[in-house]
Amino acid sequence: MAQIEQSDKGGKKKKGAQKKIPIHVDFTPMVDMNMLLITFFMLCTTMIKSQTLQITLPTNEKVDQTEMTQAKESEAITLIVDTERDADGNIKKDENGKPLNIVYYYEGKPEVTNETIDAASGLLTANKLQREAFVGNEGDIQRGIRKILHDRNAEVLKRIDVLKKDWREKKFSSNKDINDSIYQARAKEIRNDSTLTRPVVVIKATPQASWEGLIGALDEMQINQISRYQIDNMNNIDSLMVIDYVARHGKK
Amino acid sequence: MTAMSDVTVLLLTFFMLTSTFLQKEPVTVITPSSVSETKVPTANLASVLVSPEGKVFISIAGEADPNVAGGEWATEPIRKEALKNAIAEYNKNHSNKVSLTESELETFSKIGSFGVPLRDMKKFLNMSQTEQDKYISDMNNPGVGIPIDDNKDLQKPNEFQIWMRAIYSAGNENLQSQMKKGEGIAVKADKDTPYETVHNVLDNLQTLKMNRFSLMTALKTEQD
């Protein structure tokens, strides 16, 4: 321990020799101070760095209708993110305490014209909008909107799964970094392979949709390896479809 | 006791060496989570913080190594330069000119995250630090947050647009290329913020043709 023992050899003490007291250093205040400093540093540091999602939005410049690349109708899927809020603007939670983020979606064109709007009620005669929730996997089974997107991008995902298996077994290279980069490059090739059926996703969000909902939708693109997606603004038809859906099926 | 003090000293050393201090921000936001594994860069970054009320704050970080090129491109000189650029641009379009002294510029370069209209900048910089913190954390004050609207005319930019351009022109080629690639602009917003509010900022960035940027998220905890 923190004391210095000074041996006192036997024998008679000389006259006038100093009395030898064992020296004892008390460490307690030092440890106290160290603990305080540790607490200070622990509270003030950020260990986890934030992650980022990279996105590219189109410029606001007007593009000629003819120059626009039109997505194939069979490939297009539109997601409309929405969040349930109460009168004060607070997000409603479900019974598990998760925020109620909802996503409406339709495939292809909205197919809303003047003829399909019911003049009396202002609602639609037919609405192809459907509603899903943001729920993750249950075991290996995709649920909610993830399942919809997963099924539409199945060809790509199947190939990526094969690739992933090779990557886990380090088939590309025994070096971890080289293995990773080869995997990333191949995965990118598959994601952008135009011979496969891949969906084109248009993400829209209602004004009251929470930021979390939108990020959730962008996240689904990453999870389902969808390479073609964009964020767009809501238009009249989209709003009408949502209102019509809520009128038909009620809120969640 | 000796063993314990050894351990505490070791831990202390560890924390001292690894720590990067939390950035002081006017509002604490909880970012939504994603599976993305790209980390936020700590250097050459202009990050835009959007409060749930729609107030906008910007913080600027320069080169990681403060001594590169004689320290010219470290965080503080870039902040100073950005403020000078922003004021020059502001004075072109506004009759009540803003002019700041060298010591006020110096004060500004020490501030991590700023968000006051340029006309209030002089008043703000002359406050003491505690007063500044108090002033900037009052979200109901109309004089807090960088003024932003849905202006599309870049001949008459709003203050947010002035700032983003000023930061771009104040940086060296590293900062500029990071901003072009989209890694140098980060948008941070609370997960409960309505999309309408964040969209306003995204729309402004689009108008500025800074249409590539990154969104700050936390790591997803659930197993996917």
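Both faces of strand 7 of chain A are covered: Val200(A), Val202(A) and Lys204(A) on one side, and Val201(A), Ile203(A) and Ala205(A) on the other, are all buried (under 20% relative accessible area, with a 1.4 Å probe and protein chains only). Because 6 of the 6 residues of strand 7 of chain A are buried, this strand is largely enclosed by the rest of the structure. The model is predicted, so local features need pLDDT of at least 70 and side-chain atom pairs count only at pLDDT 80 or more, whereas totals for chains, interfaces and linings use all residues. Residues are numbered from 1 along each chain as its sequence is written, chains are lettered from A and ligands numbered from 1 in the order in which they are written, and side-chain values use heavy atoms, leaving out hydrogens and water.

**Sheet**
- Chain A has an open sheet of 5 strands in the order 6-5-4-7-8, with mixed pairing (strands are DSSP runs of E, at least two residues, numbered from the N terminus; pairing requires at least two DSSP bridges).
- Strand 6 (130-133) and strand 8 (229-231) of chain A stand at the edges with a single partner strand each, so one side of each lacks a neighbour in the sheet.

**Partners of strand 7**
- Strand 4 of chain A runs parallel to strand 7 of chain A, joined by 6 bridges, and Val81(A) stands opposite Ala205(A).
- Strand 7 (residues 200-205) and strand 8 of chain A pair in the parallel sense over 3 bridges; Ile231(A) is the bridge partner of Ile203(A).

**Helix packing**
- Helix 5 (residues 211-223) of chain A, a DSSP run of H or I with at least four residues, packs on the sheet and touches strand 4, strand 5, strand 7 and strand 8 of chain A (contact: heavy atoms within 4.5 Å).

Methods
Axes are lines fitted to C-alpha atoms, for helices over the stretch in contact, and angles run from 0 to 180 degrees between N-to-C directions. Buried means under 20% relative accessible area, exposed over 50%, partly exposed in between (1.4 Å probe, protein chains only).
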